Amino acid sequence: MTATTTAPLTATPVRTMKQPSARLRAWATRGPLLPALVFMIVVTQLPFVATLVISFFDWNALYPKARRFTGLDNYRQVLTDADLRHSVWTTVLLTVAVVLASLVLGLALALLLDRRFRGRGVVRTLLIAPFLVVPVAAALLWKHVLYNPEYGLFNGLLHYVGGPQPDWISHTPLLAVEASLVWQWTPFMMLILLAGLQSRDQQQMEAARVDGASGWQIFRYLTLPHLRRYLELGALLGSIYIVQNFDAVFTITSGGLGTANLPYTVYQSFYQAHENGLASAAGVLVVIGSIVIATFALRVVSSLFREEVSRA
Amino acid sequence: MSTTILRIRRGTGLGLVAWLAGIVFFLPLAWMALTSFHSETDAGTNPPSFTASLTLDGYREFFGTGGGASPWPALINSTVASVVSTVCVLLLALPAAYALSIRPVKKWTDVLFFFLSTKMLPVVAGLLPIYLFAKNAGMLDNIWLLVILYTSMNLPIAVWMMQSFLAEVPIAVIEAARVDGARLPTILARVVAPIALPGIAATALICFIFSWNELLFARVLTGVVAETAPVFLTGFITSQGLFLAKVCAASLVISLPVLAAGFAAQDKLVQGLSLGAVK
């Protein structure tokens, strides 16, 4: 006990004598941070700068000699191209629909799981499972095992009740992709919202209950305001992941039937059409879109973060 | 009296609803597992055959005894990419998190948010230059390129998670070790690591999951030699006659490591996925 309290006092003068200079000490503090920081800048920032540069060139990989600087021409082409504009719209639709649906479902499930009942742990495990399937495998499951018009489970079950036998993916392609993503992302939202529910002030809830507040009133005036930031966090993190979704679109519809979103379009325009300049311009536009979302996301995370730091 | 009975009855009612929801969400997976044990002729029936006899043919077919491509190279590639990148992430993130929590640099929150912002930069934004670089450097279809990319993909998450775990290590203990003359590596290995170990393990598991799942980089940058398990699965995108049991077996086997890692990290899963914002 005495050792820990007196040691720093006696050690301080010795240490200051040994310290060569303030600048060296600062570098010693920064040292452990540098490898990670340099690595991140090299691997993530430099390629983006390169994308930015390439986006100003007319460059088809099949005709490398015809490469030339075109200024903003790629951007003009991307923004006026009907297919690309459609893929921007698809991206927005896909992201908003999946995030909203999985948030609402996730909230309902979190509220159900917040109460005590027999087998709660088992139900929680069952609900998390869809999130822990490899995304391509999940997409294959929906495409072949559930949606297939001939032998899929959906039409099989409809068969029992004498219902119609729709071709799910051809009739409602975007909805088909969205449903599979909602299935995977609802558990994610549920986990975040459940953590939010369990961090409520129990004393405050109990006081409200003693004062005669109804279940709805407690939910509306205590739970929901408390959950607001968790809802925002779930929505924003979900948006960041789903805006970038490639696996489900690639697997279920291969970008066909009007389901090509921006990541798929970028992939296609350089991997199949070899249009490097156009692909880069589209990529830069995806980044601008993400920055808008990310600015909000960072604000939410930092407010939660500051609360954690001040609480500690 | 009657209100408490009502409340209890409503409580069990909602418990049943929760059970029902859990079963509905799990049903596609359960059906996939059941189908993987059916013969191909029983798997592709309408109405579905729930009580068909069980067989391991789907798994035999998947593992290549039926003459198809063997999944083992892909599984080994995925294991190498995921495990090695996770080790690299830990080696880079642990000291960084130390410099952001225990002995913080100036403006450490700014640095922390820089890491987070890189996570928000979409993958497609850097894909083309990385592809061109790999092509010119002769690194296409090379598993080590994926190791580098997966390390960069997971490093921000790991730095955030570890920062929040290391912040829980009491400063007094570290001070005591420092006074006793322990140097940085010793402090990290002997003092910090043991306390933060559960958190470090969870971080590793989450990084492993993200690397194992990744498709876009692997699809664009690998071909024959360095193909990973998700790329192998994309071979099932177009249906090829009777193959449902095989698809189910393949999807299940390839998802198994993720399911195992996910359930092992269950308690810290939210914290990892929310980048440490939710505890």
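Trainee: Which helix holds A:Gln203?

Mentor: In this predicted model, A:Gln203 belongs to helix α11 (residues 202–210) of chain A.

Trainee: How far from A:Leu193 is A:Gln203 in sequence and in space?

Mentor: The two are 10 residues apart in sequence, and their C-alpha atoms are 20 Å apart.

Trainee: What makes a residue of chain A part of the side that touches chain B?

Mentor: The test is a C-beta atom within 7 Å of one in the other chain. By that test, 84 residues of chain A are in contact with 84 residues of chain B. On the chain A side, helix α15 (residues 276–311) of chain A gives the largest share, 14 residues. Sorted by class, that side has 62 nonpolar, 17 polar and 5 charged residues.

Trainee: What does UniProt list for residues 88–297 of chain A?

Mentor: An unreviewed UniProt entry lists them as "domain: ABC transmembrane type-1". In the model, the span is 77% helix and 0% strand, with its end C-alpha atoms 20 Å apart.

Trainee: Where in chain B is confidence lowest, and where is it highest?

Mentor: Helix α13 (residues 266–273) of chain B is lowest, at a mean pLDDT of 78, and helix α11 (residues 229–234) of chain B is highest, at 92. Chain B averages 85, and 93% of its residues score at least 70. For the complex, the predictor gives an ipTM of 0.87 and a pTM of 0.85.

Key: Residues are numbered from 1 along each chain as its sequence is written. Chains are lettered from A and ligands numbered from 1 in the order in which they are written. This is a predicted model: local features need pLDDT of at least 70, side-chain atom pairs count only at pLDDT 80 or more; totals for chains, interfaces and linings use all residues. pLDDT is the predictor's confidence in each residue, from 0 to 100. Helices (H or I, at least four residues) and strands (E, at least two) are DSSP runs, numbered from the N terminus. Two residues are in contact if their C-beta atoms, placed from the backbone, lie within 7 Å. Ala, Val, Leu, Ile, Met, Phe, Trp, Tyr, Cys and Pro count as nonpolar, Asp, Glu, Lys and Arg as charged, and the others, Gly among them, as polar. UniProt positions are given in the numbering used here, feature names are shortened, and annotations may be inferred rather than shown by experiment.
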